[in-house]
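Come and read along with me.

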Amino acid sequence: MTMKKTVSLILVALLIFAMLPLSVSAANESEPNENYQKATAISVNTNVYGALSNDTDEDWYKFTLNEKGSVQISFKHEDAGTENTRWEMYLYSSDGTTHIDGGNGFWSVPGNKDVTTGEIGLDAGTYYIRIKHWNSSWVVSSTYTIRASFSASAKYETEINNTPETADEIGNNVYVYGSISSKGDEDWFKFTLEEKGYVSIWFAHPKADTTNTRWEVYLYRADAATGVDGGKSYWSINGNENVQTAEIGVDAGTYYVKVKAWNDSWVVDSTYTLDVYFTASEEYESEQNNTYQNADALSLYSDMKGSISTANDVDWYKLTVPQSGKLRLSFTHPIGIESNPRWTIYIYRNDAYSKVKEWNVSETLNLNNEAIDISAGTYFIKVKAWNDSWVVDTTYTITATLDHTCDGEWKTVDIATCEGNGKQEKYCDVCKKFIAEKEIPATDHSVSEWNVVTHPDCDTVGLKTGVCTTCFATVEKEIPTTEHNHNAVVTPPNCTEKGYTTYTCKCGDTYVSDYVKENGHTEGDWVTVKEPEVGVLGKREMRCTECNELLGEEDIDALEPAYLLGDVNKNGAIEKYDYIAVKRAVMGTLELDETQQKAADVNGKDGFEKYDYILIMRHVMGTFTIG
């Protein structure tokens, strides 16, 4: 790098920084940076200033993205007053050699015009920008400003996607952004359908002030070469309109969408939006059905939808008529405002050559139940645009019916099993209309050998298992409870209560029966239960010899008191106090109780008297002995 260039760059940089607001983020190139190995590292969304100082000078920059998104590179410079190309700007992938569009394209920057690229979808990674002279003999010494503006987005195409092998995979009904950013750039997208249905492609973009075709959109099959309609047709997208294609019937499989500029030298740098709408449907034609050999089967009484989506597209259908009768054909579509015929419908015999009938259908009319007398057999129906160059991008519906009396055979739809009922249904053989249904009774499991898991008893069911010899399922079955096993306990009768037998099972079940009449009481002997005492009555009783119940009781006379004749004072001896007591009693000065009175009656003449105390006195004196 020359001293002159260094001084110039420093002065220019100082001048620019002095003019910029403090909030603007900026940086300078760092020489030497003439190849990608020496590239100046820059940040996205940051202005970078540089200049080419001699005829061989190149400036390289590298930036790193941490996530997927879109990058838009702007190149600004002072107006040189000429339209001649002065700079070339390139964008490379991480190897520093592969152009991001997959080719060798670059952006030409005129001396009198700034250039901003379209939004370029990139994955996370490192990328390189290369700035060089358009002509090595033409030295452009003015300072330029470049800026790589980045917006994170998971919905942006990812360069390089210029081939089917590098196509971006997109989901159904999920939009994606893209742009044709350089010469020869193509954008390829890949999507996969798990079932039959129809797709419609939506392509939108900012309006451009031109009616010239700016984009071409192609829809290919899995080989990425055969158009879905069997040809190489595409949709032309003008700069002043958006386009949604007709509904296109497709089978399950992989498909590719290619977007390119109408002219390879025409860079369409505005961002577009691409969306593939998919709807699963068994009632839609499946491309390619452009020949009778590939005809879609059309069932009686079933609607089939289709569209003539590209130039020279033809839709063929194969129809089987099971019996002779009056065939009725309907062909309906949204009603438009033009009156010229737009579709032609043919019906051929099985050879696909012998024409039976032809109809022209205008945009303002529908074909409703057009009747044809027809024999049983196979027929082909062909639908095409009235003019092969006229693309009829409106969805139509075609329906064939046959006048008939509904009848059909019973068909088993659910087989009766060991555990469930089956079912038979009857549908019309012609229109497939439901007629009736009936139940098939379930069969029972067939088990040849049972294994007892739980034995039953009188209050709990048992359980046994086995393997069904028909369906091999493990079958469980209850074993009924057993009879009660009662234990008899006899309660014999007694004197007053009946006898009976109590029957009790171990489960708790119980009952009473076998009653026996009571026995009655049996009299026993009289038994003294209380001995009489002197002056106190005794008691005796008689009880039942069986139950000991009291049957009778009576008193025993009290005992007479025990006394010593002559011992009036009851001290166990006969003495003078005794006859004194008797004398006083006779005189009335002492009262004797009954026992004393008996002891005082010494002479035994029913009562004491004076002779009694004389005898007691004599006994004390030793002249008489009592008793």
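In which strand is Lys 260 found? I looked it up: Lys 260 sits in strand β20, residues 253-261. (Strands are DSSP runs of E with at least two residues, helices are runs of H or I with at least four, and both are numbered from the N terminus.)

A note on what I am reading: this is a predicted model, where local features need pLDDT of at least 70, side-chain atom pairs count only at pLDDT 80 or more, and totals for chains, interfaces and linings use all residues. Residues are numbered from 1 along each chain as its sequence is written, and side-chain values use heavy atoms, with hydrogens and water left out.

Leaving aside neighbours within four places in sequence, I found Lys 260 in contact (heavy atoms within 4.5 Å) with residues including Asp 185, Glu 186, Arg 214 and Trp 215.

Then I turned to a sheet. Three strands form an open, antiparallel sheet in the order β37-β38-β39; two strands pair if DSSP finds at least two bridges between them. β37 (487-491) and β39 (510-516) are at the edges with a single partner strand each, so one side of each has no neighbour in the sheet. Five bridges join β38 (residues 499-504) to β39, and Gly 499 stands opposite Val 516 in β39.

Last, I took in the whole protein chain: it has four helices and 42 strands, and 40% of its 627 residues count as buried.

Notes. Buried < 20%, exposed > 50% of the residue type's maximum accessible area, 1.4 Å probe, protein only.
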